[in-house]
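Hi,

Here is the structure I said I would pass on to you. Have a look at it first, and then read on for what turned up.

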Amino acid sequence: TIDEINDLRIPAVVSLQEAANAQHMAVLSERGTIMRRFTGEVRRREFKNLGTSLQAAEDYLTRYEKLPHSNEEQKLWDEFRPSWKTWKGGVDQILELDRERTRLLAAGKNSSSPEIAELDENNTNTSLGNRDLFLISEAKVRQIIDYIQQQSVLHSQGAKQDATRGQLAIIAIFLGSALILGLLGIVISRNITRPLRRAVEVVAAISQGDFSQQMALTRRDELG
């Protein structure tokens, strides 16, 4: 129904699309963290954006998860969730590596020290490995969105068909009522005009001297 589309399907698509957008932002920030020319404040901002985008995506997914789902939609969601968790696990690992890097720098380590270089290398490898995981989760969330949109189109078409059937039923009732009223009008008209016509014939005959004409009065109304 239209109410179902407005109350469930549109919020579902919006939540999933916003989650996908936030995931894209997280990926962009994640790639920024492995660019060696990004240092200092720029690097810290990329990591902050990464954490913020990741949390926003989680919030939108949670909002979607609370909505009612059809069996097929739930199946697609169950297939998506593991791929999301695997990708998110990689992002969490990147964030943890950055926290360790920040701790070492605060402890006096130089950015060119072997410990920092090892953390940067691990960060790069994790980010590169996470790209395929991102593509998998992105494809699965797109499957859910496409399914919901297809169902919305089908429900919309069904609602239009129901509305058309309702309109046809109203037209049929109207035409049927008009036909019945027309038939009643004919019957009533005949019951009135026949006695009147007979009365006119009798009066005309009497006016011409024929007093043998008579009317059978069986009615108890204005004509009888």
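**A buried leucine and what surrounds it**

L61 has a relative accessibility of 1%, so it counts as buried. Please keep in mind that this is a predicted model. L61 sits in helix α2. Setting aside residues up to four places away in sequence, L61 touches L16, A19, W77, F80, R81 and W84.

**The overall fold**

How many helices and strands does the chain have? There are 4 helices and 0 strands, and the order along the sequence is α-α-α-α. Of the 224 residues in the chain, 29% are buried. If you take the contacts with a separation of 6 or more, 75% of them join residues 24 or more positions apart.

**The nonpolar core**

The largest nonpolar core is made up of 29 residues. L16, Y64, W87, I144 and I148 are the ones with the most contacts inside this core. Two or more residues come from each of α1 (2–33), α2 (40–65), α3 (71–106) and α4 (114–207).

Y64 deserves a look of its own. Which residues does Y64 contact, leaving aside its neighbours within four places in sequence? They are A12, S15, L16, H69, E73, W77, I144 and I148.

**How α2 and α3 pack**

Two packed helices are described by the angle between their axes and by the distance between those axes. For α2 and α3, the axes come within 11 Å and cross at roughly 155 degrees. An angle over 145 degrees counts as roughly antiparallel, and α2 and α3 are therefore roughly antiparallel to each other. Their crossing is left-handed.

**Where to be careful**

The average pLDDT of the chain is 76, and 63% of the residues score at least 70. Which element has the lowest mean pLDDT, and which the highest? The lowest mean, 69, belongs to α4, and the highest, 91, to α3. Over residues 219–223 the pLDDT stays under 50, and the model has 7 contacts beyond four places in sequence for that stretch.

Best wishes

Technical notes: Residues are numbered from 1 along each chain as its sequence is written. This is a predicted model: local features need pLDDT of at least 70, side-chain atom pairs count only at pLDDT 80 or more; totals for chains, interfaces and linings use all residues. Side-chain values use heavy atoms; hydrogens and water are left out. A nonpolar core is a set of buried Ala, Val, Leu, Ile, Met, Phe, Trp, Tyr and Cys residues joined through side-chain atoms within 4.5 Å. Buried means under 20% relative accessible area, exposed over 50%, partly exposed in between (1.4 Å probe, protein chains only). Contact means heavy atoms within 4.5 Å. pLDDT is the predictor's confidence in each residue, from 0 to 100. Axes are lines fitted to C-alpha atoms, for helices over the stretch in contact, and angles run from 0 to 180 degrees between N-to-C directions. Angles under 35 degrees count as roughly parallel, over 145 as roughly antiparallel, 65 to 115 as roughly perpendicular and the rest as oblique. A crossing is left-handed if the near helix is turned anticlockwise from the far one by less than a right angle, and right-handed if clockwise.
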